[in-house]
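Reader: I'd like to learn how to read a few side-chain features off a model. Can we go through them one by one?
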Amino acid sequence: MFGRVISKTATLTARYVALTLATLLVCNSQSFADFKRLDPNAYPTFQSINLKLDPAQAEYSGSVSIQFDIKKATKTFSFNSENLTLGKMKLKGPDGFVGFNQVTNAGDSSVVDITADDEMKPGTYTLDIEFTNDFNTQATSLYKLEVEGSSYSFTQFESNDAREAFPCWDEPMFKFPYQITLTVPENHETVSNTPFLSESTTDGWKTVVFEKTKPLPSYLLAIATGELEFVDVPGMSTPGRIVTVKGKSAMTQEAINATPKILAALEEYFGRPYPYKKLDMLAVPEFWAGAMENAGAVTYRETILLVDPNEATVSQKRRLASVVAHELAHMWFGDLVTMEWWDDLWLNESFASWMGNKVTHEVFPEYQMDISTARRASGVMSSDARPSAEAIRKPVSDPGDLTGNVGVIYVKGEATLKMFERWVGEDAFRQGVLDYLADNEWGNATADELWNALSKASGMDVTSAMGTFIEKPGVPLVKVETSLDGSVTLTQSRFANFGIKQVETPLWTIPVELRYADKSGTRSQTVTLAEPSMTFKLESDGDVQWILPNPGVSGYYRWEASSAALNAIANASSALAPIEKMGYLGNLAALLDAGVVSGGDYLKALSAFANDGDPNVISAVVAGLGKVEGAFVPDELKDQYAIYVRKTLSPALTLYGLDPQDGEEETISRVRPQLIGMMVNSGHDEKVQRYCEEVAKKYLHDPTSVAPSTIGIAISVSALRGHRDMFDEYRNRFESAKKPADRRRFLGALGQFRDPELRDEALRYAFEGPLRPQELFTIPGSVARASDESQEYIFNWLQKNYETITAKMPPMFKTFLPFFAGGCSGELLAEANTFFMDSTRYVKGVERQLTRVSDQVNDCVGLRDREGPAVAAYLRSLSEDKN
């Protein structure tokens, strides 16, 4: 599965966090009951699934036949079935049919307990079950949707939603072959994990029998039916297709171009061919999960996989490539070898993120994945530094617990793998991965087995070193001190924001890289910090002029140095690579949180680096401005802050220009919309706003007349001062959109209208209009970002409409609603605690999210109290200078 918690401006406020609700990957809908693990004494060896599906109807019917082995004599066994109407059931053993009673488990309603009349001896048994069920309509399990008058069905089973589609053993450790048979209306097409074996038509119904799968867990099964279109993907080692709903196949070319290159690079790394008989990649209109690594039938939200060839932006292409690479990496790591239980989900996803981004960077270096992964890691460290942070590997008793830490799981795990690959060396790391896959292919494994393989291949203690990052929460802080004799002392502790007292002082094994300059030039040296402190001599030629820790931003740690050392690095910025400058600014922001750097010094540093000229550095400055706004700029300071934003960013926008130029760097095309958005939304720049309004008009009249990279920001900005006619136009454009990108653009713009009447109409539309589950929070998120007052307005709106809103969303999203109370308001946080902890609205896990929101709010309030007056004085001085 693919998903990232992304905040482009790394702001502290929930006005930005709110949008993550629409893209969060969460993994379970059963979060209200006690979870019961199945006894592996009854272990399935094969399951056939027969389904009769017409998504134009409310319900479907089916049957399963499950072969399983009883290992030790027993009278009882259990299987999973949730909300299914079970019909005729038969149990047959080595000696014939077995009498039994069935009952729903008292503690877990998704478990059916079977008690045989007589003891079942060891041997092979077969359980046949007929059942009926309603299609899900919230984009989970086996669900239906309608697109332009045509009905479709799709599946999303991770982590334990297969049990809502058919009876099964719904845990990842139960890995065995399946065979799926689908009966559908004769004009419908079908897709599953394997090629079809046979097809027949009778009385208007078509029955498709698929080949048996390789051993799979239930969560990796996939089904799609409807008036689907197929486009072949040539140039791969296995047959491949892009699958779309009717009328969308014209937007598959970018995926066709990218996928063969990505698959070939993965096959090269893993030293073995793609492990399945075919590769279908399905573009699904209604898909909250982003993407899902179903073996041989990978599903994607269509906004990721489908790109209009006439409007493709660099950002769209990069996202498509990185998500495809992530999901295809899972074919080996996750599908071929599967985690034994959900406590190793972090490894499943972290490895796919690391491998996917590594391969994307190799195949498409122009997308600069090394920079984007470093940026994400820096953002996640902010969450991981708080007291409520949790270890990314921990015991999981209920898959419902997987939802709470998903952003940190993906990014911290990826960053840690990247750091230790550098530590042991790429060749040794790869050999360890290959040994792990060879030892566990078609089966299950744990993280410990991978660490052991890496340790053996490298001759280093990877197990202990990785454990210091994976098995405990938090971010290490490495303090760098130099002495007159040229020695360097490194001291480690747990990073904490200002005012937080750490209860424990864990010890990490940290590969610390230092880049430094002496009279001979620049050098690098790496040491392993495994003790509280260590002192060593740098290999230098004379006096060291400056030392930059973590130069490639490949280490998962923060670092601290004296003010003089920080200034020396900043003064030598011309000798630093763009990623090093970005890393410096990200670390400086963390030191601001920790109370080491003042707010005024941080603002001055942003202003200085804004003159750099490199687009990636400018992007880091924009992110820093977002942090400043979230922490230090209440509504009454907006005008003064706007002056600072215009002064800081105008040189870069002048350098790049408002209009894209032929042949310009792709990074310029990518950063320009960020600059424009900040200049208008925070800088209140009239010239830039008028420019966007004109571009939006041109696009509505002639889409081909506008550069693709400016379309989205122009439409968004144009709505700020829009009136009724524009609102109606944008709503109609959203409802009639043929391209996923247009649907996303115009829906987001509906939340940008500042007219109170139109704002309220947009909010009503959020739960009354034809929105898909993953789109429900787009409009509220856009409204909330506008101001402190708007955020409070949205939280009140959420409270008043809670029942209506939550009835429309996938159940698991409820846990994350407290994030709407984030930001810098203690009063709003208190309201959220009262509201969400009320027994009529309480959902399992919400207290954990409230704790995280509380940590974020307390950090923001503390930072504003500590540095706010000085920052306000600095901003007001700029206003006075202007006057």
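This is a predicted model: local features need pLDDT of at least 70, side-chain atom pairs count only at pLDDT 80 or more; totals for chains, interfaces and linings use all residues.

Reader: Is Arg393 buried or exposed?

Author: The cut-off for buried is under 20% relative accessible area, and exposed means over 50%. Arg393 has 13% relative accessibility, so Arg393 counts as buried.

Reader: How many salt bridges does the structure hold?

Author: There are 51. Take Lys206 with Glu189, whose closest N and O atoms are 3.9 Å apart. That bridge links distant parts of the chain, with Lys206 in strand β14 (residues 205-210) and Glu189 in strand β12 (residues 189-192), 17 residues apart. Lys206 is buried at a relative accessible area of 6%, whereas Glu189 is partly exposed at 32%.

Reader: And where do the two partners Lys248 and Glu302 lie?

Author: Lys248 is in the loop between β17 (240-244) and α2 (253-270), and Glu302 is in helix α3 (residues 302-305), 54 residues apart. Their side chains meet in a salt bridge at 3.2 Å, N to O. Both Lys248 and Glu302 are buried.

Reader: Which residues are linked in a network of salt bridges?

Author: Asp308, Glu311, Lys739, Asp742 and Arg745 are joined that way.

Reader: OK, on to disulfides. How do I spot one?

Author: Look for two cysteine sulfur atoms within 2.5 Å of each other. Searching the whole structure turns up one disulfide. Its partners are Cys824 and Cys860, with their sulfur atoms 1.7 Å apart.

Reader: Which parts does the pair of Cys824 and Cys860 tie together?

Author: Cys824 belongs to the loop between α24 (802-808) and α25 (826-836), and Cys860 to helix α26 (residues 846-882), so the link joins parts 36 residues apart in sequence. For the geometry, the torsion about the S-S bond is about -95°, so this disulfide is left-handed. Cys824 counts as buried at 19% relative accessibility, and Cys860 does too at 0%. Two other cysteines that count as buried are Cys168, at 0%, and Cys692, at 1%.

Reader: Last one, the nonpolar core. How many residues are in the largest one?

Author: Think of a core as buried nonpolar residues joined through side-chain atoms within 4.5 Å. The largest here has 288 residues, and those with the most contacts inside it include Phe77, Phe154, Tyr300 and Phe836. Helix α7 (residues 406-424) gives the most to this core, with 11 residues. Apart from that core lies another of five residues, including Phe819, Leu829, Val853 and Val857.

Reader: Which residues does Phe77 touch?

Author: Leaving out residues up to four places away in sequence, Phe77 touches Ala42, Phe68, Leu91, Val112, Asp113, Ile114, Met120, Leu127 and Trp169.

Technical notes. Residues are numbered from 1 along each chain as its sequence is written. Side-chain values use heavy atoms; hydrogens and water are left out. Helices (H or I, at least four residues) and strands (E, at least two) are DSSP runs, numbered from the N terminus. Buried means under 20% relative accessible area, exposed over 50%, partly exposed in between (1.4 Å probe, protein chains only). Contact means heavy atoms within 4.5 Å. A salt bridge is a side-chain nitrogen of Lys or Arg within 4 Å of a carboxyl oxygen of Asp or Glu.
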